[in-house]
Amino acid sequence: MKEFTYERATSPQEAAAKARETLGAKFIAGGTNLLDLMKLEIETPQHLIDVNGLGLDKIENTQNGGLRIGALVRNTTLAADMRVRKDYGVLSRALLAGASGQLRNKATTAGNLLQRTRCPYFYDTNQPCNKRNPGSGCAAIEGFSRQLGVIGTSKACIATNPSDMAVAMRALDAEVETVDEMGRTRKIPIAEFHRLPGDSPHIETTLADGELITAVTLPRPVGGIHVYRKVRDRASYAFALVSVAAVVQRDGSGRVAVGGVAHKPWRVEDAEADLPKGPKSFSARLLADAKPTTDNAFKIPLVERTVAAALNDARQQ
Amino acid sequence: MPKPVKLEVSRRHLLAAGTATAMVGVVPGTKAQPQSSSQRLSQRPTGVAFEVNGKLRSLQVDNRTTLLDALRENLSLTGTKKGCDHGQCGACTVIVNGVRINSCLTLAVMHEGDRITTIEGLGQPEQLHPMQAAFVKHDGYQCGYCTPGQICSAVAVLDEIKAGIPSHVSHDLTVAPVLTNAELRERMSGNICRCGAYSNIAEAIADVAGSST
């Protein structure tokens, strides 16, 4: 691990200011992804700003009937909150489908949104990777791409976003609250938070330099049956090949976001009009522009089948 | 057969001696290196104080020191094991402020004021924790390397079920979870056992859960 200086932040605005003015600074919260990458020297921050003491660890009811989840709420705490279990079940389910008990106890809400891809070529420092070393090329496109993206990819990158939580939040239309170095706050819709790779895959979110996530808000509950289906190579503690977050209403309408297929949680609102017609026509519209590799072409029918299974789960509940 | 405790030089003592020797060896080297100001800043040890197994410990550590390395190298608590060092195997599991975490994926300096319990704090050979006794009774290990992590994790898993925290295999999110074999296996999936002692580990945990409820 490369050397770094360390400080404990005392306020969100001060943390944002410090991050902006200090060369090579990064925030650290749970640290479960950042420290892993620092040991491999994929991440080499020169300064760490510990935000754990900022008191952003509460889940509060909002005035319009939703929930405001502090950036530092741990994944276990969020999954176990009875308001989330009752009204946003898809979020609890997604969180519980991710990582291990130990990691969920440490990983935070904001950190989960900011975790890096698990593309094997991003992790292998002997390989070119535009995300790790911009301009060096992408070894994944011609490489072993079974786990990687099938839609929204570019010539520079076919990595996927590994988060389960973010897929549920996309289905729930969450918003990401931030503060900058001047103390200005803003709300970023989750749909606009993660970027597609384009020709700059190393820039993964729309956050500005130093901008700090303070909370994620959920709108008032939408009812319906909540399902999270995750297909992976083992039954527990593995990243998704494909995952489906679905909120289905009694009349067959609903919302469906898909994980494991793109650089961000994949949701096409227009395609949801086809949900009552069944998984085939919905999935065809959802993945209309897919460009899979030979290795991961199986994900196209797998999405359709996982959506079918999720809709079936919803009918039986 | 002589009992291992009668040996004059134990593996633990050898390890502790090795650590001290290595530290002495490092000092002249670092002094000889010319350093930039930022390097000097980071190499200056950071002070941190936390409670380990009921005792307050104050340390001066390099910022890069993980909690795992602080426990093993600075405090000579070598019961906690380093397996993968990347949060994938669970051998380094300890209980911090009542919840289990991977001690390899957290920095020692981030634990100011925390309460840490390691395998040594759960029980000692003359007074085993019920979970340690159950692992012995059910032969819940073969080589034993993952065992301290398995036991810390298992103790915390039973607390998580008591606290009503659901899991991936809980059928109904709105009711309190019940300890079943499927629940146990799902909740223990962050602890890998290369020897494959899983079925005996599950029996040991179920035994403790049965006797304490």
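Biologist: Which elements cover the buried residues of α11(A)?
Modeller: The cover includes β11 (254-259) and α12 (299-316) of chain A. Keep in mind that this is a predicted model.

Biologist: Which residues of helix α11(A) are buried?
Modeller: Helix α11 spans residues 279-286 of chain A, and its buried residues are F282(A), S283(A) and L286(A). Those residues cover an arc of only 95° around the axis, which puts them on the same side of α11(A).

Biologist: Now a strand. How do I read burial on the faces of β3(A)?
Modeller: Take the two faces in turn. On one side of β3 (residues 47-50) of chain A sit H47(A) and I49(A). On the other sit L48(A) and D50(A). All four are buried, so both faces are covered, and buried here means under 20% relative accessible area.

Biologist: In which sense does β3(A) pair with β1(A), parallel or antiparallel?
Modeller: The general idea first. Strands of a sheet pair through backbone hydrogen bonds, either parallel or antiparallel. In this case β1 (residues 5-8) of chain A and β3(A) pair in the parallel sense, over 4 bridges. E7(A) stands opposite I49(A) in β3(A). Strand β2 (residues 25-28) of chain A and β3(A) are also paired in the parallel sense, over 4 bridges. There, I28(A) stands opposite D50(A).

Biologist: Over to chain B. What is the strand order of the open sheet of 5 strands?
Modeller: Read across the sheet, strand by strand. The order is β2-β1-β5-β3-β4 in chain B, and the pairing is mixed. The edges are β2 (55-61) and β4 (99-102) of chain B. Each has a single partner strand, so one side of each is left without a neighbour in the sheet. Neighbouring strands of this sheet are turned by 40° against each other on average, direction ignored.

Biologist: How many bridges join β1(B) and β2(B)?
Modeller: There are 7, and β1 (residues 46-52) of chain B pairs with β2(B) in the antiparallel sense. Within that pair, G47(B) stands opposite Q60(B).

Biologist: Which strands does helix α3(B) touch?
Modeller: Helix α3 (residues 67-74) of chain B packs on the sheet. It touches β1, β2, β3 (93-96), β4 and β5 (115-117) of chain B. Its direction makes about 100° with that of β2(B). Helix α6 (residues 147-162) of chain B packs on the sheet as well, touching β3 and β4 of chain B. The direction of α6(B) makes about 45° with that of β3(B).

Biologist: Is R170(A) buried or exposed?
Modeller: Buried, with a relative accessible area of 7%. D173(A) is partly exposed at 32%. E269(A) is partly exposed too, at 39%.

Biologist: How much area do chain B and chain A bury between them?
Modeller: About 3400 Å², with 55% of it on carbon and sulfur atoms. In chain B, the residues that lose the most area to chain A are R64(B), L105(B) and L173(B). Together they account for 20% of what that side buries. Count residues as well: the contact takes 45 from chain B and 40 from chain A.

Note on methods. Residues are numbered from 1 along each chain as its sequence is written. Chains are lettered from A and ligands numbered from 1 in the order in which they are written. This is a predicted model: local features need pLDDT of at least 70, side-chain atom pairs count only at pLDDT 80 or more; totals for chains, interfaces and linings use all residues. Side-chain values use heavy atoms; hydrogens and water are left out. Two strands pair if DSSP finds at least two bridges between them. Helices (H or I, at least four residues) and strands (E, at least two) are DSSP runs, numbered from the N terminus. Axes are lines fitted to C-alpha atoms, for helices over the stretch in contact, and angles run from 0 to 180 degrees between N-to-C directions. Contact means heavy atoms within 4.5 Å. Buried means under 20% relative accessible area, exposed over 50%, partly exposed in between (1.4 Å probe, protein chains only). The arc is that of the directions from the helix axis to the C-beta atoms. Buried area is the accessible area (1.4 Å probe) that two parts lose on being put together, summed over both.
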